[in-house]
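Trainee: Please take a close look at the aromatic rings of this model for me. I would like to know what they sit against, and how each contact is defined.

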Amino acid sequence: MREHEVPTHVQAEDRVLLWFTFPQIVAVVAVCALSYGAYRYAPVGPNEVRMGIAVLFGLVGIAVVVGKIGGRRLPLVAADLLKYRLGARVYAGPLSGLVRPESPVTLQPVKGGPGPLRLMARRAGKALKRLRRRRKQKRNGERTPFRPHCWFGKRRSRKAGSDSQGHGPKGWIAVVAVVAVAAVATVPQSVLADGHEPWRDEIDFEVTEPVEGRRIFVEDLTVSGDRAAVTLRAATDLDIRVRAFGGGQGTTLRFWGSATLTEGESIDYSLTLNGPMPSFTVSWEDALGQAGALTWEHDRIPYPLPEVEGELCNLRITSLGWTPGSVTGVVESDCVDAVEHLVELQTVAGHESVTETALMDAGVTAITGTIVATTGASTASVAFVPDGETSFRLAAPTGEAIHAVSLDVSLEASLRIPIPPLTTLTHHPERTEKRTETVSLYRPGTTRTVSETVTVTNDDGTTTEHTVSATLSVPGETVQRDVTLTIVHPEHVKAETTDREPLTRTREESLSLASEIGSDDAFAVLTLPEPEPEDPPAEQTPGGDLTDWFRRLGWEWPW
């Protein structure tokens, strides 16, 4: 056999089966029996509904019996929360204010005065007397008047000479109230969670004094687009968990990560930013078992990054970051190649002059400018890079703060404006002009044949007819003649166009951007006190076999 030394100073319950204590096993068996009773005898619905009710009842009951929150049973936690919410006072201070270095002094009752048990006994005696008096009145045939005001609180004063009657048929209410008060008075203080007593559980423990000081520091924060690059550095050995939140209300979990850091070790995270109020929280637990958290609210995160639209360039901050002692950023620009520009232009000259304001299409040949970045008392001026990225750096004071960063951008563009030709008008009065010109005419040729019949009388008196034909031909010929013409010129205006060189102009523009970014305190190593040594575990010494046991008892081993 082996000898076991069980320490008597440990207030721990025995585990009968697995990790269940005996009261837990009895409670689980009772919950299972009630669940089966609900399934077997519930008069509602089909078997599926009753089975669902039974399973739900069983799960809730087992969770109440077995579950714990912070090492405390769920019934105790429920009782504490109920008294905390329904009590007259609600503590709103920091958690460290609830830690007491020593147990509070128990208030002793004042000697000579009646204690609470005596007061309860007196009240019970008075209630029993009233009950006997009412029964006696009923036996004598007297009727108790209806007085509901006497059920609770003080009794109404009676007039002199009135009948001495009971206080109504509800006297048992006072008895029930007395019994309830007695039951409440007998409830353990650990269930009621009195504000004058420290928290108690099945196992007593001492709350260690918290060690003041920072455990985790933010050494770098850079926001680019919808991502935040965060560098964390531990001041002591820590287990950390990082969570990033976003969404419409800023409460949706968007990122989760954990790590173990040694003293002075750094770790980088790329967190997802989402919604109008992003934030992230770094919770930690050190080697002493103490825990805490560092929360970076949305007002310390420059998201969304600002942007502005201009007539010459569209600007947006693509990156804004903080490192100890400086704030850096990158401004990206997208500039135009052409722009409309107002020009005072003369379109007509000479006999009449016309000048008008025209909106012309101008080509942008070059854009120059400067970016003046300011945060607090620090200012930096850098040359503007069109269609590219412009970086700036500002000196920032150390320490936890929110730095307001403002950018003033001054731009100047060189424009080349093509203009239409200039129209010149010349006035001419009325005049008469005689002009002699030689005119050449072509006379065409013609041919004509003429025939005629002639009758001749002969000597003998007879007649003879003769036909005579003649052909006339006139050849074609060009005939030139001098002709004098009179020309009248009326009054008129003559227009002539002249091409012109393009105009050269300059155009200025001013834009502004603003954002905010938070900074953290300078890193400092935290020295934790040495943890208290733990008690060595109880050692088990072998007791030997049955032969040694018989020999110590003075018996003889029969085998």
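Mentor: Let us begin with a charge and a ring: the charged end of Arg50 sits over the ring of Tyr39, 5.4 Å from its centre, where sitting over a ring asks that NZ of Lys or CZ of Arg be within 6 Å of the ring centre and within 35 degrees of the ring normal. The model is predicted, so local features need pLDDT of at least 70 and side-chain atom pairs count only at pLDDT 80 or more, while totals for chains, interfaces and linings use all residues. Residues are numbered from 1 along each chain as its sequence is written, and side-chain values use heavy atoms, with hydrogens and water left out.

Turning to rings against rings, a search of the whole structure finds 3 aromatic pairs. One of them joins Phe217 to Phe523, with ring centres 5.6 Å apart and planes at 75°, so this pair is edge-to-face. Pairing requires centres within 6.5 Å for rings of Phe, Tyr and Trp (its six-membered ring), with planes under 30 degrees apart called stacked, over 60 edge-to-face and the rest tilted. Because Phe217 lies in strand S6 (residues 216–224) and Phe523 in the loop between strand S27 (503–519) and strand S28 (541–542), the pair ties together parts that are 306 residues apart in sequence; strands (E, at least two residues) and helices (H or I, at least four) are DSSP runs numbered from the N terminus. Phe217 counts as buried at 3% relative accessibility, whereas Phe523, at 23%, is partly exposed. Here buried means under 20% relative accessible area and exposed over 50%, with partly exposed in between (1.4 Å probe, protein chains only).

Another pair is that of Phe255 and Tyr269, whose ring centres are 6.0 Å apart and whose planes stand at 75°, so it too is edge-to-face. Phe255 belongs to strand S9 (residues 252–261) and Tyr269 to strand S10 (residues 266–272), so the parts tied together are 14 residues apart in sequence. Tyr269 itself is buried, with a relative accessible area of 10%.

Gln24, Val28, Val31 and Ser35 are its buried residues, and seen down the axis they fall within an arc of 60°, so they line one face of the helix; the arc is taken from the directions from the helix axis to the C-beta atoms. On the other side of H1 the exposed residues include Phe22, Tyr36 and Tyr41.
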